[in-house]
Amino acid sequence: MHEFFRKLQHIDRRWIYLVLLIGLVTTLYVGWPVKPEVIPYVQNLYDAVEAAPAAEKDQQLILVGCTFSASTMPENGNQLRALLRHLMLRGKRFAIIAIAEPQGAQFGADIAGTLAEEYGYEYGKDWISFGYKPGTLAFFTAFVNNIPGNVPKDGLRGEPITGYEIMDGIRTIRDISLVIEDTSTASILSWITFVQGKYRIKLGYTCTGVMVAEAIPFLDSGQLVGMLPGMKGAADYEKLVDELEAQALRGGEKKTPYDPSTMPLMKNSARRLMFTQGVAHIIIIAFIVLGNVGYFLSRRRRHPAKEASHD
Amino acid sequence: MTEQEPRDPVPGAALENEARFWPVILLGAMALLIGIGILMHYNEGAKAQWVPLLGVLMTLGIFSVLYKENPVFRFLEHILVGLATGFGVLFIWFNYLEPNWYLAMMPNAAAQAGEPHGQWWLIFALLLALMFYTVYFPKLSWMNRFLIGVMMGWSAGFAFQGFVSVVAPQLRTSFKPPVTGYDLMQGQAAEHIHQQMNNIQIGPVWFHPFALIFIVVLLCTMAYFFFSVEHRTKWIRQPANAGRYFIMIALGAIFGTTVMGRITLLIGRLDFLKNTFADWWQALVK
């Protein structure tokens, strides 16, 4: 029995990987989209997007930062997809920009381009890519005062930015009604330091799970209007957007529901992947409990009298 | 599978004991990858077939480290780092440096019509950048120190601005009265926020329980880092002890979200494998 308790604490990590792998693969096949309880930060970002004036008559844009690379696509990619679907359902005009992460320019344009076909968005009129820009201090300070001067050409076609209809009336950061930074880096600090703090621009944040805890103080202080924390945030936001889309379908404004499998590299919805995520957490918690039970039982066996006196 | 394997007695000994044919095999694999890359560049059809296959092979190769450290994993790890770096360098050159610096510096012939050109003084940017490398020449290394000094001063100035922009609003909002004689949320979406914050109205007085929790946690955590007074008396020791637990809770939350993030990345890769295998299966049964 003692041997059993001892082994319980020293399970080869590869068994844990194997159990996790079986659990994840199984649920990827048999899982279903969860209906998550939307957390307040996500709801706040959703409300901020709803309130942001970015229609053609408003002469303002929403700026979406795509500062992520291939390594965090499951989190940042799903967040971006949910966010852009919301913008497109509401007819909000937007620009995407990749600050300090070259791959983000490509991924952002791919996701926006695929969704634009589905939602009937026209490049240059309803959305535009500012491409990649180095996230230096010099860029931020220049960009906020003169957007066309610092983005002379668009990121997709390489044509003069001022030639696009969407850029009419867009001169400085004051013409941006909301900035949403979708990132796996510390770029949000640059936005807070050089843009939000100085110009009081509304700033949203969609980040990887690792970065969530550090961002909470910025939400509390109002420096961020809302946040999508990791895959959970993407799933919550997707639920809100799906509800909005259901309304549009009922009202006849949209003909067919969005099919996530049309998106290369992200063929499953975040809500469905969140089911798998939940199963992974349960497996990990089970192993933690198992290890601790083994620890306490083996300790009790080693020091029965001491443990009994504690009781 | 067995229990945890004993560590190598000498770090790197495992690498030395590896079979000598591995470098040859991996060099061959790299040559093959370069060949496939060239083929994909000129043939869109080949690209559609090779990209998923390469993705699957690379993913499985990287996952192989979960079983055991091996040369294939290290090879793919280096490929990944090299690709990301190479992509970044080329992307920055063609999308930023070439149009904004190189072509702008060149004479009229090199630039397209209407583009900035002939700004020869931009060459000084290169000369300044090269000064960083004077660190390798002792007699000229003062140039390097000059540049570093300028950059440090510049960064310090903006760090101060950053401190004001980033921390000052948080200092302001840390003043949260737990009891008020008026509605703190007046003028905002009061009902929603009151519900979120569990604010309680008792007659003319508003009680803010989260504000009270915030103040207790803030003071206890600060007490833990307050070393000007020795932690001997209970007035400082007990809050500091509580502060330690609060810090541990915060670190636990950070660890929890980190695990969530990492598992998400694993799920993303497994989803990619599942979808690719499903596509291949469909192609086979057609």
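Author: Welcome! Two strands pair if DSSP finds at least two bridges between them. Helices (H or I, at least four residues) and strands (E, at least two) are DSSP runs, numbered from the N terminus. Residues are numbered from 1 along each chain as its sequence is written, while chains are lettered from A and ligands numbered from 1 in the order in which they are written. This is a predicted model, in which local features need pLDDT of at least 70 and side-chain atom pairs count only at pLDDT 80 or more, whereas totals for chains, interfaces and linings use all residues.

Reader: Thanks! Which residue stands opposite A:I180 in strand 5 of chain A?

Author: Let us start with the two strands. Strand 4 (residues 176–183) of chain A and strand 5 (residues 203–207) of chain A run parallel, joined by 5 bridges. Within this pair, the residue opposite A:I180 is A:G204.

Reader: How many residues of strand 4 of chain A are buried?

Author: A residue is buried if 20 or more other C-beta atoms lie within 10 Å of its own, exposed if 12 or fewer, and partly exposed in between, with C-beta atoms placed from the backbone. Strand 4 of chain A is mostly covered by this count. The number of its residues that are buried is 8 of 8.

Reader: And which residues are buried on the two faces of strand 6 of chain A?

Author: In a regular strand the side chains alternate between the two faces of the sheet. Strand 6 (residues 226–229) of chain A is covered on both faces. One side has A:G226 and A:L228, and the other has A:M227 and A:P229.

Reader: Which helix does the chain cross through from strand 5 of chain A to strand 6 of chain A?

Author: These two strands run parallel, with 4 bridges between them, and A:G204 stands opposite A:G226. The β-α-β crossover that links them is right-handed. Its path goes through residues 212–220 of chain A, which form helix 9.

Reader: Where is A:A100 found in chain A?

Author: Most residues other than glycine have a negative phi, and most peptide bonds are trans. A:A100 has a positive phi of about 65° although it is not a glycine, and this residue is partly exposed because 18 other C-beta atoms lie within 10 Å. Its place is the loop between strand 2 (94–99) and helix 5 (102–119) of chain A.

Reader: Is A:L265 buried, exposed or partly exposed?

Author: A:L265 lies in the loop between helix 10 (230–250) and helix 11 (270–302) of chain A, and its phi is positive as well, near 70°. Because A:L265 has 16 C-beta neighbours inside 10 Å, it counts as partly exposed.

Reader: Let's turn to chain B: in what order do the 3 strands of its open sheet lie?

Author: Chain B has 9 helices and 3 strands. The edge strands, each pairing on one side only, are strand 1 (179–180) and strand 2 (200–202) of chain B. Strand 1 of chain B is joined by 2 bridges to strand 3 (residues 205–207) of chain B. The pairing in the sheet is antiparallel, and the order is 1-3-2.

Reader: Which element of chain B gives the largest share of the side that touches chain A?

Author: Two residues are in contact if their C-beta atoms, placed from the backbone, lie within 7 Å. The contact takes 40 residues from chain B and 45 residues from chain A. Helix 4 (71–105), helix 6 (141–173) and helix 9 (234–285) of chain B each give two or more residues to the side of chain B that touches chain A. The largest share, 19 residues, comes from helix 9 of chain B.

Key:
Right-handed = clockwise from strand over helix to strand, strands pointing away.
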